[in-house]
Structure formats: structure tokens, C-alpha cells
Amino acid sequence: QVQLVESGGGLVQAGGSLRLSCAASGNIFSTDVMAWYRQPPGKRRELATSITSGGKTWYESSVNGRFTISRDNTKNTVYLQVNNVQPEDTAVYYCNLARQFSGSTINFWGQGTQVTVSS
């Protein structure tokens, strides 16, 4: 099993920065992809960014240039740096680990951390 624990959320002013962390424990495989999803109020959860253990990253177009995902494989931790935060970044941010197994994807989720941006 895999456990994911996020930290670093809170209240931040527009234009500021924040850094989220997600510590993974349990059996972590080198093929696992880690990601950050976010769920704004009243909307569905959506993928914001992801990273492989080799450092290959993907960003949703609306966050590209402001979000930076990084991963420390020695600590099984993934980070999300958000610069120039905007009110539309207000959301619950979820850490995700996706594992391929027998042709299917198994998803593990953290409990989520609230980020609120004040204008």
C-alpha cells in the first residue's frame, strides 16, 4: 500500500508564492508517476501537473509557467512550487501516485490540502 501526506497549504495573497509537499510512504516503484490535482470550489478535480521518477514533467496549459513540480526520489517526496498565485488557484490540492499494474492504473490519493488565495 501507499500513503500520501500533503503539507504546505493555507492562505496566500495574490501575487505571492507557495510550496506544497507530498511525502509518500510504503512501496514506491520507480515506474510510479506522481502528480498534483486540484479541485476548485464547486468544480471537479483536475490534473494540474505530473512527474515521472526520471523527471519528465507535464503541465496543464493554465498553470504552465507558474507551477513547478519536482521530485526527490531519495525521500519519496514530490513538491509543487506555485509562483504568482492567482485567485483562480484557490482549490483543494491533492497529491496522486499512479501505478501501472496488469494493464490498469491504480491511483493512490492524499487527503488534500486547502489553498486559498486572497485578492
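## Glu-6 and its surroundings

Contact here means heavy atoms within 4.5 Å. By that rule, and not counting residues up to four places away in sequence, Glu-6 touches Ser-21, Cys-22, Trp-36, Tyr-93, Tyr-94, Cys-95, Gly-110, Gln-111, Gly-112 and Thr-113. This is a predicted model, in which local features need pLDDT of at least 70, side-chain atom pairs count only at pLDDT 80 or more, and totals for chains, interfaces and linings use all residues. Residues are numbered from 1 along each chain as its sequence is written, and side-chain values use heavy atoms, with hydrogens and water left out.

Glu-6 lies in strand 1 (residues 2-7); strands are DSSP runs of E, at least two residues, numbered from the N terminus. Glu-6 is buried yet has no salt bridge. Buried means under 20% relative accessible area, exposed over 50%, and partly exposed in between (1.4 Å probe, protein chains only). A salt bridge is a side-chain nitrogen of Lys or Arg within 4 Å of a carboxyl oxygen of Asp or Glu. Backbone nitrogens do come within reach of the Glu-6 side chain: that of Gln-111 at 3.0 Å and that of Gly-112 at 2.9 Å.

## The nonpolar core

A nonpolar core is a set of buried Ala, Val, Leu, Ile, Met, Phe, Trp, Tyr and Cys residues joined through side-chain atoms within 4.5 Å. The largest one has 26 residues, of which Leu-4, Met-34, Trp-36, Phe-67, Val-78 and Tyr-93 touch the most other members. Strands that each supply at least two residues of this core include strand 1, strand 4 (33-39), strand 9 (91-101) and strand 11 (113-118).

Tyr-93 is also in contact with Glu-6; beyond four places in sequence, its other partners include Trp-36, Phe-67, Gly-112 and Val-115.

## Strand 11

Two strands pair if DSSP finds at least two bridges between them. Strand 11 runs parallel to strand 2 (residues 10-13), with 4 bridges, and Val-12 stands opposite Val-117. With strand 9 it runs antiparallel, joined by 3 bridges, and here Val-92 stands opposite Gln-114.

## Positive phi in two loops

Most residues other than glycine have a negative phi. Asn-84, in the loop between strand 8 and strand 9, has a positive phi of about 50°. Asn-84 is partly exposed, at 40% relative accessibility. Ser-102 has a positive phi near 50° and sits in the loop between strand 9 and strand 10 (104-109). Ser-102 is exposed, with a relative accessible area of 67%.

Key: Lys, Arg positive; Asp, Glu negative; His and termini not counted. Polar contact = N/O pair within 3.5 Å; in protein donor to acceptor, adjacent residues only side chain to side chain.
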